[in-house]
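Here is a short briefing on one protein chain. Look over the sequence and the model before reading on.

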Amino acid sequence: MAIQKENIISKIREGFAATLQIWIDEIALAIKDPGSLMFFVIAPLFYPLVYSYLYNNEETPDVPMVVVDECNTMQSREFTRMADATKEIKVVGRCISMDEAYKAIAEREAYGVMQIPKDFSRDIQRTKQTCVKLYCDMTSFMYYKALMMGLNMTSLEMNAKIKTKMIAGKTEREQELNAAPLKYEQVSLFN
């Protein structure tokens, strides 16, 4: 029985020793292979440096965007102008159809498409919620973030103007407080 326990213990030791030797051999092979050396050693060291350098500013101003305005009314054009006035968005063209807009993205003329529905102004006049669609090229999350932030700020600003117009018979200060009771300022911190 004691001999059997010693055999089991020696086999376990041999197994651990063989596993350790396999690990040592594999690490030696990985160090000799330039591809795996780059992947396991160089990339983890330099990727954070390159990434932080590329996204240092955290802002991507004037991201090119095209507009498909199916409504083509004064309010939809005002919304487009307000979006273009933000620091994040630059409207570089207006397209007749989504196919034309997709072509602009494929040719890298724009990184986003804003589609204003045909019922945009009618829904606003009826005090119904309306939806402006944004399509983004996801090759860079920074472009996506900039376009989303720009359109979000535009919709909040237009919403405040609509609320102010709807509140008739009140002083200008009361209208301002009803439209935007809390002022806020957005400050991007770090990446």
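The points below cover the fold, the sheet, the salt bridges and the nonpolar cores.

This is a predicted model: local features need pLDDT of at least 70, side-chain atom pairs count only at pLDDT 80 or more, and totals for chains, interfaces and linings use all residues. Residues are numbered from 1 along each chain as its sequence is written, and side-chain values use heavy atoms, with hydrogens and water left out.

**Overall fold**

- The chain has seven helices and four strands. Helices (H or I, at least four residues) and strands (E, at least two) are DSSP runs, numbered from the N terminus.
- Along the sequence the pattern reads α-α-β-α-β-α-β-α-β-α-α.
- Of the 191 residues in the chain, 26% are buried. Buried means under 20% relative accessible area, exposed over 50%, and partly exposed in between (1.4 Å probe, protein chains only).
- Among contacts between residues at least 6 apart in sequence, 70% join residues at least 24 apart. A contact means heavy atoms within 4.5 Å.
- The accessible surface comes to about 14200 Å², and 60% of that belongs to carbon and sulfur atoms. Areas come from the Shrake-Rupley method with a 1.4 Å probe; for residues, only the protein chains shown count as cover.

**The sheet and its helices**

- Four strands form an open sheet with mixed pairing, in the order β2-β1-β3-β4. Two strands pair if DSSP finds at least two bridges between them.
- β2 (89–95) and β4 (133–136) stand at the edges, each with a single partner strand, so one side of each has no neighbour in the sheet.
- From one strand to the next, the twist averages 25°. Axes are lines fitted to C-alpha atoms, for helices over the stretch in contact, and angles run from 0 to 180 degrees between N-to-C directions.
- Strand β1 (residues 63–69) runs parallel to β2, joined by six bridges. Val-67 has Arg-94 in β2 as its bridge partner.
- Helix α3 (residues 74–85) packs on the sheet and touches β1, β2 and β3 (112–116). The direction of α3 makes about 145° with that of β2.
- Helix α4 (residues 98–106) also packs on the sheet, touching β1, β2, β3 and β4. The direction of α4 makes about 165° with that of β3.

**Salt bridges**

- The whole structure holds four salt bridges. Each is a side-chain nitrogen of Lys or Arg within 4 Å of a carboxyl oxygen of Asp or Glu.
- Glu-78 and Lys-161 form one of them (3.8 Å, N to O). Glu-78 lies in α3 and Lys-161 in helix α6 (residues 141–166), so the pair ties together parts 83 residues apart in sequence.
- Asp-119 pairs with Arg-122, with the closest N and O atoms 3.3 Å apart. Asp-119 is partly exposed at 25% relative accessibility, and Arg-122 is partly exposed at 41%.
- Asp-123 pairs with Lys-128 at 4.0 Å between the closest N and O atoms. Asp-123 is buried at 10% relative accessibility, whereas Lys-128 is partly exposed at 46%.

**Nonpolar cores**

- The largest nonpolar core has 18 residues. A core is a set of buried Ala, Val, Leu, Ile, Met, Phe, Trp, Tyr and Cys residues joined through side-chain atoms within 4.5 Å.
- Met-65, Phe-79, Ile-89, Met-114, Ile-116 and Phe-120 have the most contacts inside this core.
- β1, α3, β2, β3, α5 (120–125) and α6 each supply at least two of its residues. The largest share, four residues, comes from α6.
- Another core lies apart from it, with nine residues, among them Cys-95, Met-98, Ala-104 and Val-113.
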